[in-house]
Amino acid sequence: MVNRPKASDTGVMKVTRRRFLHTSVGGVAGLAGILAVRVPPSFAQSRDISLLTWAHFVPQADQKLDEIAKQFTQKTKINIRIDRLQEAQMAAKLAAEVQTGSGHDLLMLRMHLPQLHATNLTDMSDVVDGLAKQYGLMYDFCREAAYYKDHWVAMPAYCGGFPGNYNRAYFDEVGEKPADTWEDLLRAGKKMKAKGHPIGVPISQTNDAVSTLGPIMWAYGAKAVDADGKTVTVNSPETAEAIEYVKRLYNEAMEPEVLSWDDASNNRFLISGKGAWILNPQSAYLTAKTRNMPITKGLEFQVIPAGPKGRHTTTTVRSLGVWKFSKNIEPAKEFVRFFFEQEIYNDYVNAAQTFDAPVFKSMEDHPVWEIDPKYEPIKRSAQYGHLYGWPAPGDERSQQVTNNFIIPNMFAKAVGGTPTKEAMAWAEMEIKRIYTT
């Protein structure tokens, strides 16, 4: 159960359906936002700022962000240019801007990138604290992403979960309900595979494998590196238990194709009609829905299954940061505040069709989840969310473990026949090499 701050304590305005569906932002709403953060708009002069962000999976989200930028310019006379890159290009671009000390003012940073660039990012604590007074507390994973040492280096903007996606007809056929635990999934998966509809968990060098196998480890009490960011703990009885579970899942409920999957494979697997269950954001469903595929009707969502040590899931979070070397730090912060004015933020979340969910606990019941009744189970995901490598701090070493796919490779070795102890010993050696260099 999430403890939500009372509206009287946080200043949260109730997000009514009428307010949520209202698509224009009037002068009164804008004034209310300005008064809430106590920062006046910059009417006196024309200035320019730039934002570097990702090319969104949902086109409507990009369109809405462009609209928000125009509204911001109309209100403040601050011009904003938005540049978009594919996710794979972002790391090199950020590194180049750091090296030259020039580039964009504002940055939309995925996962742990605020931690990796913390020393080059402006202190955003004033923005975060102001918004916390207005909306209440954020989910804990926001701190994992953007709180560095004693201050915030970015403002978490939105998040996305990894729910279970399943074909209800296949579960019904074998007399099973959506899996509440990983053992439930194994039991149902065995039956469905026998009917020609296996489940699909990637065990390959792909981000979806990191996003799935990490939560399975956490559910069994295992972790690669301890919270101190020093102690490598991957070689443990808990990890062994997680590996043995995945070996059974692979052998009894899946097919060998998962060993070579990329990030799009599980989507294709589900909407092709072959797959019974995957763990993934709602992209497969959105694709099927957009294409008016008959299978859309039978696809459903569930919160991630639980294990002996609880329910845990990967959460993708993106945060707005500002370079220290920007010549427009205050105007850039002003845009961040504007983005979080209630009407503006509601419009954006709505446009993203739940792919980008609110980061504030007070908004867990946001009306965006009512766009499609099938989304209702997904809204609980944020309660159980962590970033890659949790509970270790998301520094450069943790990211090397992720980027080198050490955890998926450990599982792949084990399902391929390497003894569990040897697979864990290999992973321990690889992770210690990174953490001791």
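Start by selecting threonine 354, which sits in the loop between α16 (342–351) and β13. Helices (H or I, at least four residues) and strands (E, at least two) are DSSP runs, numbered from the N terminus. This is a predicted model, where local features need pLDDT of at least 70, side-chain atom pairs count only at pLDDT 80 or more, and totals for chains, interfaces and linings use all residues. Residues are numbered from 1 along each chain as its sequence is written, and side-chain values use heavy atoms, with hydrogens and water left out.

Stay on threonine 354 for a moment. Its phi is positive, about 75 degrees, although it is not a glycine. Is threonine 354 buried or exposed? At 3% relative accessibility, threonine 354 counts as buried. Here buried means under 20% relative accessible area, exposed over 50%, and partly exposed in between (1.4 Å probe, protein chains only).

Next, jump to asparagine 292, in the loop between α14 (283–290) and β10 (299–302). Asparagine 292 also isn't a glycine, yet it has a positive phi of about 55 degrees. With 67% relative accessibility, asparagine 292 counts as exposed. For background, most residues other than glycine have a negative phi, and most peptide bonds are trans.

On the topic of peptide bonds, pick tryptophan 390 and proline 391: the bond from one to the other is cis, with omega near 10 degrees. Proline 391 lies in the loop between β13 (385–386) and α17 (396–403).

Now select threonine 315, found in the loop between β11 (313–314) and β12 (316–322). It counts as buried, at 1% relative accessibility. What is threonine 315 in contact with, leaving aside its neighbours within four places in sequence? Show Met111, Phe141, Cys159, Gly160, Gly385, His386 and Leu387. Contact means heavy atoms within 4.5 Å.

On to the helices. Colour α15 (residues 329–339) and α4 (residues 59–76): their axes come within 11 Å and cross at roughly 120 degrees. Axes are lines fitted to C-alpha atoms, for helices over the stretch in contact, and angles run from 0 to 180 degrees between N-to-C directions. Show side chains for Leu65, Ile68, Ala69, Gln71, Phe72, Lys75 and Thr76 in α4, which meet Pro331, Glu334, Phe335, Phe338 and Phe339 in α15. The residues of this contact divide into 8 nonpolar, 2 polar and 2 charged. (Ala, Val, Leu, Ile, Met, Phe, Trp, Tyr, Cys and Pro count as nonpolar, Asp, Glu, Lys and Arg as charged, and the others, Gly among them, as polar.) Keep α15 selected: 9 of its 11 residues are buried, so α15 is largely enclosed by the rest of the structure. Among the buried ones are Lys333, Glu334 and Arg337.

For the last pair, select α18 (residues 406–415) and α19 (residues 420–435), which pack at an angle of about 160 degrees with axes 9 Å apart. That makes α18 roughly antiparallel to α19 (angles under 35 degrees count as roughly parallel, over 145 as roughly antiparallel, 65 to 115 as roughly perpendicular and the rest as oblique). To see the contact, show Ile406, Ile407, Asn409, Met410, Lys413 and Ala414 of α18 with Ala423, Met424, Trp426, Ala427, Glu430, Ile431 and Ile434 of α19. That set divides into 10 nonpolar, 1 polar and 2 charged.

Finally, zoom out. The protein chain has 19 helices and 13 strands, and 58% of its 437 residues count as buried.
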